[in-house]
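User: I am new to reading protein models. Can you take me through one, feature by feature?

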Amino acid sequence: MTVIGIDLGTSSIKILAKNKNGQETVAKVGYRTKSAAELYKNPTVWTDALKDGFRRLSGDIDLSETACLCATGQTNTYLLYHNDIEQK
């Protein structure tokens with residue numbers, strides 16, 4: 001089982017993954033933008049950073065064992081889950 005936390009910051013996305021053995025890895029990805037305004041107008045800036053972060057994590061930890069994911073930002077907190085997860 002792996003748990004993942006995502007911080008959607010104003011200058012970067014930080015992702016932490018920890019598995020049941022205590023192995024932990026972190027990826028910090030800065031947004032690739034020409035201006036701060038682009039960050040809020042172009043959603044692909046966020047998704048590209050997320051994809052890059054998950055790619056980095058997958059080299060260090062098995063993400064296929066992910067049981068839960070929590071995302072937080074400056075103003076909101078989200079708990080995303082898949083309803084077919086088995087309890088272990």
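Analyst: Gladly. Keep in mind that this model is predicted. Let us begin with disulfides.

User: How many disulfides does the structure hold?

Analyst: It holds 0 disulfides. To count, two cysteine sulfurs must lie within 2.5 Å. Cysteine 68 is in no disulfide, as the nearest cysteine sulfur, that of cysteine 70, is 8.0 Å away. Likewise, cysteine 70 is in no disulfide, and its nearest cysteine sulfur, that of cysteine 68, is 8.0 Å away. Cysteine 68 is partly exposed, with a relative accessible area of 34%. Cysteine 70 is partly exposed too, at 33%.

User: How far can I trust the model? What is the average pLDDT of the protein chain?

Analyst: Start with the general idea. Where pLDDT is low, the predicted coordinates should not be read in detail. Here the protein chain averages 82, and 83% of its residues score at least 70. Confidence is highest in β2, with a mean of 93. It is lowest in strand β5, residues 77–80, with a mean of 55.

User: Which elements does the protein chain contain, and in what order do they run?

Analyst: There are 2 helices and 5 strands. From the N terminus on, the order is β-β-β-α-α-β-β.

User: How do β2 and β3 pair?

Analyst: They pair in the antiparallel sense, over 7 bridges. The hairpin of β2 and β3 has 4 residues between the strands. In this hairpin, glycine 22 takes a positive phi near 90°.

User: Which residues of β3 are on its covered face, and which are on the uncovered one?

Analyst: Thr25, Ala27 and Val29 make up the covered face. Glu24, Val26, Lys28 and Gly30 make up the uncovered one.

User: What should I know about the core?

Analyst: In soluble globular proteins, nonpolar side chains tend to be buried together. In this model, the largest nonpolar core has 13 residues. Those with the most contacts inside it are Ile6, Ile13 and Ile15. Each of β1 (2–8), β2 (12–19), β3 and α2 supplies at least two residues of this core. Across the protein chain, 25% of the 88 residues count as buried.

User: What does isoleucine 13 contact?

Analyst: Set aside its neighbours within four places in sequence. Its contacts then include Ile6, Leu8, Ala27, Val29, Tyr31 and Trp46. Asp7 and Lys28 are among them as well.

User: How do I describe a pair of aromatic rings?

Analyst: A pair of aromatic rings is described by the distance of the centres and the angle of the planes. The count here is 1 aromatic pair. Tyrosine 31 and tryptophan 46 form it, with 4.9 Å centre to centre and 50° between the planes, and it is tilted.

User: Why does this pair tie together parts that are 15 residues apart in sequence?

Analyst: Because tyrosine 31 lies in the loop between β3 (24–30) and α1 (36–41), while tryptophan 46 lies in helix α2, residues 44–58. Tyrosine 31 is buried, at 12% relative accessibility. Tryptophan 46 is partly exposed, at 22%.

User: Is aspartate 52 buried or exposed?

Analyst: Buried, at 11% relative accessibility, because the cut-off for buried is under 20%. Aspartate 52 sits in helix α2. Beyond residues up to four places away in sequence, aspartate 52 touches Val29 and Arg32.

Note on methods
Residues are numbered from 1 along each chain as its sequence is written. This is a predicted model: local features need pLDDT of at least 70, side-chain atom pairs count only at pLDDT 80 or more; totals for chains, interfaces and linings use all residues. Side-chain values use heavy atoms; hydrogens and water are left out. Buried means under 20% relative accessible area, exposed over 50%, partly exposed in between (1.4 Å probe, protein chains only). Rings of Phe, Tyr and Trp (its six-membered ring) pair if their centres lie within 6.5 Å; planes under 30 degrees apart count as stacked, over 60 as edge-to-face and the rest as tilted. A nonpolar core is a set of buried Ala, Val, Leu, Ile, Met, Phe, Trp, Tyr and Cys residues joined through side-chain atoms within 4.5 Å. Contact means heavy atoms within 4.5 Å. pLDDT is the predictor's confidence in each residue, from 0 to 100. Two strands pair if DSSP finds at least two bridges between them.
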